[in-house]
Each structure stands twice: as C-alpha cells, then as structure tokens.
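Trainee: I would like a close look at a single part of this protein. Please keep the account plain.

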Amino acid sequence: MRAAIAEAERARGKTGDNPWVGCVIVDDAQRVIVARGHTQGPGEDHAEIVAMHEAELAGVTLGAVTLYSTLEPCAFHGRTPACARAIADRGIKRVVTGILDPNPRVDGAGLRILRDAGVDVTPDVCADEIRHQLASWIFRFHPHDADRFVRTLSSRDELALRDAVVARYGVSPSEAEKVVRRTR
C-alpha cells in the first residue's frame, strides 16, 4: 500500500475535483509490483484503470494479482466508467483499499460491487495515512465526511472533538474547529 500512496502523490494537484489516488498491482506468486497508476485529469482514467491497462500491456494475467488502491474504487459511471465494475470484469480476485470514498454516490458501494462479484476485499489498510494525504480534498469536496465523524464521538468537549478531527485528518486546529462548530 505504501507504493500506492507514493503513486498517489504523483497526481496531487492534477486531478481537478477528483481525489489523487494511487494504485499498484502485485503479482501474487512473485510478490512484485507489475503495474502502477495514478488518477489522471478530470474525465480521464482513474488510478485503477491506468494500472490495469499497464498490466494488460505487459501481458500480466489479472486473475493472479492483488490490486492495491488508496481509495475505494468508484461505483458509478460519471465522466468515466465505474472502476469497481471494471476490476470485477477483468477477473481480479483480491483488492486491498485504504479508505472508503466519502462521495455519497460511492461510500461503500464500490466494495459491495467487488464482494458481490466474488472479489476478496481488504479495506482500511494505511487508512490514517491516506486520510491525511487526502484531507484537503475531503474537506473541500466532501466536508460531510468530517461532520459524520464528529457526530459519532461521544465527547461534548469542543477541544477534545477538535483534537480528534486533527488526529483523524491531519488538518490544522482552526480547520478542525470549523468542523466541530458546524456540527453542533
């Protein structure tokens, strides 16, 4: 997953309103990375599609690999087709993800598509690191994710809530205070 996180950094600032996502594909038998990808610009391929194309061009049998993606594969056809469906259709048997996509149109639906297709899914790998990596995107395009997190906490102490948001997303205390005040 750390290689996928590094791959995501290559896309930071180049994806418009899409998250900068990294993906690597690992040959299960050899335990080596056989393909890499990161999200392209708006309307272009997502990280998973880029990596699968690279693997296919190299002649890799996708039924014998594990796909690692920093974000849950998308589950709807927007400017591009759904990545979760493309992964399942290509016969990939195992997918490891970092965090759920906070977009309400996804939010677990990508993982359900994969599981329904018989794909073994391991979520939440390096989740804290990835959530920090994507914090500015989450706060800009999906602030409801942080709001939902704050509402799950039992504390009534604003400082404790602020500190929890800082720890979860790696944002500044002042940014975290805005979330806490918005949810109260």
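Which residues line the second largest pocket?

Mentor: Keep in mind that this is a predicted model. The lining of the second largest pocket is made up of I99, L100, P102, D107, D124, R131, I138, D145, R148, F149, R168 and Y169. By kind, the lining residues of this pocket divide into six nonpolar, no polar and six charged.

Now take the helices. Both α7 (144–152) and α8 (158–169) supply at least two residues each to the lining of the second largest pocket. The one that gives the most is α7, with three residues. The volume of this pocket is about 200 Å³.

For comparison, turn to the largest pocket, with a volume of about 400 Å³. Of the 23 residues that line the largest pocket, N18, P19, H46, F76 and N103 are the closest to its centre. The lining of the largest pocket divides into eight nonpolar, eight polar and seven charged residues.

C126 sits in the loop between β5 (120–122) and α5 (127–133). Its phi is near 55°, a positive value in a residue other than glycine. C126 has a relative accessibility of 23%, so C126 counts as partly exposed.

Notes: Residues are numbered from 1 along each chain as its sequence is written. This is a predicted model: local features need pLDDT of at least 70, side-chain atom pairs count only at pLDDT 80 or more; totals for chains, interfaces and linings use all residues. Side-chain values use heavy atoms; hydrogens and water are left out. On a 1 Å grid over the protein atoms alone, a cavity is a set of points where a 1.4 Å probe fits but cannot get out, and a pocket is an open set with protein on both sides within 12 Å along at least five of seven lines; lining residues have an atom within 4 Å of a point. Grid points are joined across faces, edges and corners, and a volume is the space filled by probe spheres set on the points. Ala, Val, Leu, Ile, Met, Phe, Trp, Tyr, Cys and Pro count as nonpolar, Asp, Glu, Lys and Arg as charged, and the others, Gly among them, as polar. Helices (H or I, at least four residues) and strands (E, at least two) are DSSP runs, numbered from the N terminus. Buried means under 20% relative accessible area, exposed over 50%, partly exposed in between (1.4 Å probe, protein chains only).
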